[in-house]
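Please look over the model below before reading on. My points are numbered so that each can be checked against the atoms.

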There are 2 protein chains.
Amino acid sequence: MAPRHDLTADGDRAQVAAARRPLVPPPGGEPDGTGTGRDAAGEVLAGYLHRQAADLLRALRLHEETAGSAETAADAAGAVRSLGRAARRISGALHTYRPLLDAGWADHLAAELTWLSGVLSREYAYGTRLDRLLAALHRLSAPSDDDPAAGRPGAGAARAGALLERQLTLSRTRAHSAALQALGSARFHAVADAVAVLASEVPLDSGLADRPALPVLRPCAEHAHRRLVDAVDALPMGPGALAHTLTGAEDRYDGAWHRVRCLLRLVRYAQEVLGEESTPLGVAGRHLQRHRTAAAAADAAASAGRTPRIAPATAYALGVLHADQRHEVEAARLAFHRIWHPAP
Amino acid sequence: MAPRHDLTADGDRAQVAAARRPLVPPPGGEPDGTGTGRDAAGEVLAGYLHRQAADLLRALRLHEETAGSAETAADAAGAVRSLGRAARRISGALHTYRPLLDAGWADHLAAELTWLSGVLSREYAYGTRLDRLLAALHRLSAPSDDDPAAGRPGAGAARAGALLERQLTLSRTRAHSAALQALGSARFHAVADAVAVLASEVPLDSGLADRPALPVLRPCAEHAHRRLVDAVDALPMGPGALAHTLTGAEDRYDGAWHRVRCLLRLVRYAQEVLGEESTPLGVAGRHLQRHRTAAAAADAAASAGRTPRIAPATAYALGVLHADQRHEVEAARLAFHRIWHPAP
């Protein structure tokens, strides 16, 4: 596995040396073409929030038009993802640029949007988790190309796949109902109303909003970036691949990594407001996303392995699968570190 | 896992860039202090064979003095290893420097010594295999240092360890008896007699033996090195860690790697005759040794996992263990490639 990720890292390394540098303004302080240099801080922030709010409301309408019909199920699912995507961005911008806003209002709406995106993301997460596990089982039990005769997948792999499919499909269905319930709830309608307001006017607060954008917004983004750098520096050095795998303690480091993932996402949204996208952060973020999916997949394999009265061959295949996904976790951490601390 | 081996590889890389260069004589053609430059080819080869034959006979005497008593069991085991060590070296030198020798005699004795070292190595191999698997199980089920409360090793790990201990100890005991039987056999006594002759006189053949050492011996060593380089270049690119793990087809590449391991050993013995030791080849050889032990350990975990009527938790732990050892195999291949093809 390692070489595969080596390549990724090497490929990225060239462009990502900047990943952990603070977001200092470019020489002359002139940003890219978004004109954030000339506009007032409030206008820049409001413009971003307007766009995201419009995206959220559009996704909401699309979902209302497509939900509940088999033909348009894919569109409905896409709408739910767009809805969550906009919700996360609004929540992130409200959080990072809180000093420019009515703090109480910003905190409340940010929290509600976090709740919403959490509820909406679960169905999709269960789906990708199952896809990942079935793909891994396929890879683990694929006959080798140049000698298909060599070895046949044991019944274990097939049974393990069926077991995972049963368990994760059930969770996915529950998540689907929970999402629909949330979208029909009064709590959601209150959030939607607040976002509708956001689409037209943003309750800007304090004199900061009228001052030039960069001197006001950049320190907020810097603060978010600082929190990310601190969290990365505080990441515990893991005990190495597969240590503790059989104790259930292996994943006790995952939480710190998931937190880094969220902080990195906040920084990326903060940069979007400034019209500054960072490729390195995007690449690092994808490794953290892979980290999270693999860790969740390993958990799913482990809990499937604890199902009572399964055949030994099934349990054996789930053990191999669990180890395989924990190695994916380890590989994602390594790839992230290679991007974050590029070799000289 | 990868970073650990990165370190190894990086550490070695400096000194091993020479690993695959042909064994061209140093400038001036003057070798190191062994005087191979001045002596006749036959004397140099005979000197090496004398020393190894003496080692073998000494080990044989030590084994006769120590075998069969519990107090001296460790000495007896050490003697068996020394015996095999000398047998491999004599066999290798007879094979590589065959042109200087009575070919029929050399081929026969080399084959007999290969048989002998094979029989003698098995007991030790089963022992190291069990040690490796129990160490891995310990690592996989160790409570994490800074939070011993987090997770307890499941009964699966303990049961898996007991099962492996039972199965591999049985194999080891059988290998022990087979080794004792071999050492008492007429076939072995014939080999020992031939080696005893070798300790005093080597049946050198052809005029080559009287010519200066380097021009005669080096081409033989070059030939062995060329076969190694070709075998490494022909190594199949594996399908990546854990592919086919559940089909039993995963290990179909292992054979080519084990062959490289034997060819590399032949080159090292050929260099010993010339008084030229190569650190890089030694390091690469240790990675191939680790490759072989891990591959055999993975097989042992897999076959233990096929034991009828084991508990699912036991099978699960064996599946994790199997995957862990296949990753060790993959890591050893990577480490070997890093030494063989050092980064520029």
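1. Conventions. This is a predicted model, in which local features need pLDDT of at least 70, side-chain atom pairs count only at pLDDT 80 or more, and totals for chains, interfaces and linings use all residues. Residues are numbered from 1 along each chain as its sequence is written, chains are lettered from A and ligands numbered from 1 in the order in which they are written, and side-chain values use heavy atoms, with hydrogens and water left out.

2. Helix 8 of chain A. Helices here are DSSP runs (H or I, at least four residues), numbered from the N terminus. Helix 8 of chain A covers residues 254-273. The expected span is 1.5 Å times one less than the number of residues. Gly275(A) follows the helix, with a positive phi near 70°.

3. Salt bridges, chain A. The structure holds 22 of them over all chains. The criterion is a side-chain nitrogen of Lys or Arg within 4 Å of a carboxyl oxygen of Asp or Glu. One of them joins Glu272(A) and Arg89(A), at 3.1 Å from N to O. Glu272(A) sits in helix 8 and Arg89(A) in helix 3 (residues 73-96), 183 residues apart. Burial is judged by relative accessible area: buried under 20%, exposed over 50%, partly exposed in between (1.4 Å probe, protein chains only). Glu272(A) is buried at 13%. Arg89(A) is buried too, at 6%.

4. Salt bridges, chain B. Arg139(B) and Asp324(B) meet at 2.8 Å, N to O. Arg139(B) lies in helix 4 (residues 103-141) and Asp324(B) in helix 10 (residues 312-340), so the pair ties together parts 185 residues apart in sequence. Arg139(B) is partly exposed at 29%, whereas Asp324(B) is buried at 3%. Helix 10 of chain B also carries Glu328(B), whose partner Arg290(B) lies in helix 9 (residues 279-305), 38 residues away. In chain A, salt bridges with shared partners join Arg132(A), Arg290(A) and Glu328(A) into one network.

5. Pro236(B). This proline is in the loop between helix 7 (213-233) and helix 8 (254-273) of chain B. Pro236(B) is partly exposed, at 24%. Leaving aside residues up to four places away in sequence, Pro236(B) touches Tyr253(B), Ala256(B) and Trp257(B); contact means heavy atoms within 4.5 Å.

6. Aromatic pairs. There are four over all chains. Rings of Phe, Tyr and Trp (its six-membered ring) pair if their centres lie within 6.5 Å; planes under 30 degrees apart are stacked, over 60 edge-to-face, the rest tilted. Trp257(A) and Phe336(A) are edge-to-face, with centres 5.6 Å apart and planes at 80°. Trp257(A) is in helix 8 and Phe336(A) in helix 10 of chain A, 79 residues apart in sequence. Trp257(A) is buried at 2% and Phe336(A) at 0%. Together with Trp340(A), they form one aromatic cluster. In chain B, Phe336(B) and Trp340(B) are stacked, at 5.5 Å centre to centre and 15° between the planes. Both lie in helix 10, four residues apart, about one turn of the helix.

7. Charge over ring. The test is NZ of Lys or CZ of Arg within 6 Å of the ring centre and within 35 degrees of the ring normal. Arg187(A) lies over the face of Trp115(A), 4.0 Å from the ring centre. Arg187(B) lies over Trp115(B), at 4.0 Å from the ring centre.

Notes
Helix = DSSP H or I, 4+ residues; strand = E, 2+ residues; numbered from the N terminus.
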